Amino acid sequence: MNAQNSSHGDGPLVLGIETSCDETGVGIVRGTTLLSNTIASSMEEHARYGGVVPEVAARAHLEALTPTLRTAVADAGIDLADVDAIAVTSGPGLSGALMVGVGAAKALALSLRKPLYAVNHLVGHVGADVLDAAGGPGHPVEVPTVALLVSGGHTSLLLVRDLVSDVELLGETIDDAAGEAFDKVARVLGLPYPGGPQIDRVAADGDPRAIRFPRGLTKPKDLERHRYDFSFSGLKTAVARWVEQRQDAGEEVPVADVAASFREAVADVLITKALAACLDHGVPRLLLGGGVVANARVRQLAVQRAAEAGVTLRIPALSLCTDNGAMIAALGAQLIMAGRAPSRLDFGADSTLPVTDIQVAAL
Ligand code: KG4
Ligand code: ZN
């Protein structure tokens, strides 16, 4: 199979490797067409700690990488020798975890004699939007767009003027990530890890207006400096205090109401700030990414308020929203199609890589 044999569409055949957090992802794309998206998660190993343990994640990546790679290649129905390039997440993320993917990608690129593209994880989330999860032909990311990326590891608001050359960080969390807040509040409520899906489930039977929990960084004085930044640690503490007071008074905790009110506070602040960014910058598009996008209320509020604001909302399939290798491959393919040179092999894992570095160590 080659680029001319276009039974799967056109464009370069790129294999992407993602290991920035607890998902070992290997994905294969041809241009904007998704061929495979294989993920191994070490989530269960972190469950008893209530959050991702970096060392555990790194070791799990080491164990999972080769089998995940084999499955991705088999699912795509390609020969590894036929790939045109390898793409890998260089950062941001957990150092030890990133290093596993970076090392594997370099070894693969060297042994196959293929070019290597070291890319930014957050921009990869935006790149996921070029793919169609059903495997149909994708399409370019419509720009400019604001992107709200919310997961257990990040909560970032980006202004994307061009996917491969112009991405700006508008704001991010100054403490916990939104997913982390879900996980911690779930713990307070005695729900298992990961907490997001659990809170979503019990919140369905609760009243979102039962308790007015604080919306972080939304007061006028906060908006001056932190208009597009987020803070969830005060909210988490407020929920914990509220629950403690009930327990101390010997009263039953209305778990569904607490979950629904907490979920409402998170969804409200996320969508309010994302749409403010769209309106302030005259950008009529909002793209969502990250595992928290699975949240029913986040999606519902996004759909409703985007429509009211005249903003077009894009939410990729959930399999492309959570961390995955296909989004990294897709961004690599976009760089190649834009004529970008590959990365030098002397780059490393960069846990704090800024979003402005869409690709690192370009030749
Ligand atoms: O993108 P993701 O799979 O990867 C990492 O952050 O590693 O996101 C996982 C996060 C977890 O914190 C989880 O609790 C949260 O996304 N999450 C949710 C939901 N599903 C997953 N948060 C809120 N509501 C959900 N339905
Ligand atoms: Zn991510």
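This is a predicted model: local features need pLDDT of at least 70, side-chain atom pairs count only at pLDDT 80 or more; totals for chains, interfaces and linings use all residues.
**Ground rules.** I number residues from 1 along each chain as its sequence is written, with chains lettered from A and ligands numbered from 1 in the order in which they are written.

**Entry: zinc site.** I looked up the zinc ion (ligand 2). Which residues coordinate the zinc ion? I found His121 (NE2), His125 (NE2), His154 (NE2) and Asp323 (OD), at 2.1 to 2.3 Å. I took as donors the N, O and S atoms within 2.8 Å of the metal (3.2 Å for Na, K and Ca); water is not among the atoms, so sites may look incomplete.

Why is the arrangement irregular? The four donor atoms subtend angles of 91 to 158 degrees, which makes it so. My cut-offs: four donors are tetrahedral if all angles lie between 85 and 135 degrees; four are square planar and six octahedral if opposite donors are over 155 degrees apart and all others between 65 and 115; anything else is irregular.

I then read the donor spacing in sequence as H-x3-H-x28-H-x168-D. His121 sits in helix α4 (residues 121-127) and His154 in the loop between β6 (145-150) and β7 (155-162), so this pair ties together parts that are 33 residues apart in sequence. Helices here are DSSP runs of H or I with at least four residues, strands are runs of E with at least two, and numbering starts from the N terminus.

Are these two histidines buried or exposed? His121 is buried at 1% relative accessible area, and His154 is buried at 13%. Buried means under 20% relative accessible area, exposed over 50%, and partly exposed in between (1.4 Å probe, protein chains only).

**Entry: helices α5 and α6.** Two packed helices are described by the angle between their axes and the distance between the axes. The axes of α5 (residues 178-188) and α6 (residues 195-203) come within 7 Å and cross at roughly 65 degrees. Axes are lines fitted to C-alpha atoms, for helices over the stretch in contact, with angles from 0 to 180 degrees between N-to-C directions.

I noted the crossing as left-handed. That applies if the near helix is turned anticlockwise from the far one by less than a right angle; clockwise is right-handed.

Which residues meet? Phe182, Asp183, Val185 and Ala186 in α5 meet Gly195, Gly196 and Ile199 in α6. Contact means heavy atoms within 4.5 Å. The residues of this contact divide into four nonpolar, two polar and one charged. The classes: Ala, Val, Leu, Ile, Met, Phe, Trp, Tyr, Cys and Pro are nonpolar, Asp, Glu, Lys and Arg are charged, and the others, Gly among them, are polar.

Entry: I checked Ile358 in the loop between α12 (325-337) and β11 (359-360). Ile358 counts as buried at 5% relative accessibility. Leaving aside neighbours within four places in sequence, its contacts include Val123, Val164 and Leu331.

Leu116 is in strand β5 (residues 116-120). Leu116 is buried at 2%. Its C-alpha lies 9.7 Å from that of Leu15, 101 residues apart in sequence. Beyond neighbours within four places, Leu116 touches Ile86, Ala109 and Phe347, among others.

Leu320 is in helix α11 (residues 318-321). Leu320 is buried at 1%. Leu320 and Gly290 are 30 residues apart in sequence, with C-alpha atoms 8.4 Å apart. Outside four places in sequence, the contacts of Leu320 include Leu34, Leu131 and Met327.

**Entry: backbone.** I found a cis peptide bond joining Gly91 and Pro92, with omega about -10 degrees. Pro92 is in the loop between β4 (85-91) and α3 (95-112). Another cis peptide bond joins Tyr193 and Pro194, with omega about -5 degrees. Pro194 lies in the loop between α5 and α6.

I also checked phi. Arg113 has phi near 55 degrees, a positive value in a residue other than glycine. Arg113 is in the loop between α3 and β5, and is exposed at 75%. Leu217 has a positive phi of about 55 degrees although it is not a glycine. Leu217 lies in the loop between α6 and α7 (220-226), and is buried at 11%.

Conventions
Side-chain values use heavy atoms; hydrogens and water are left out.
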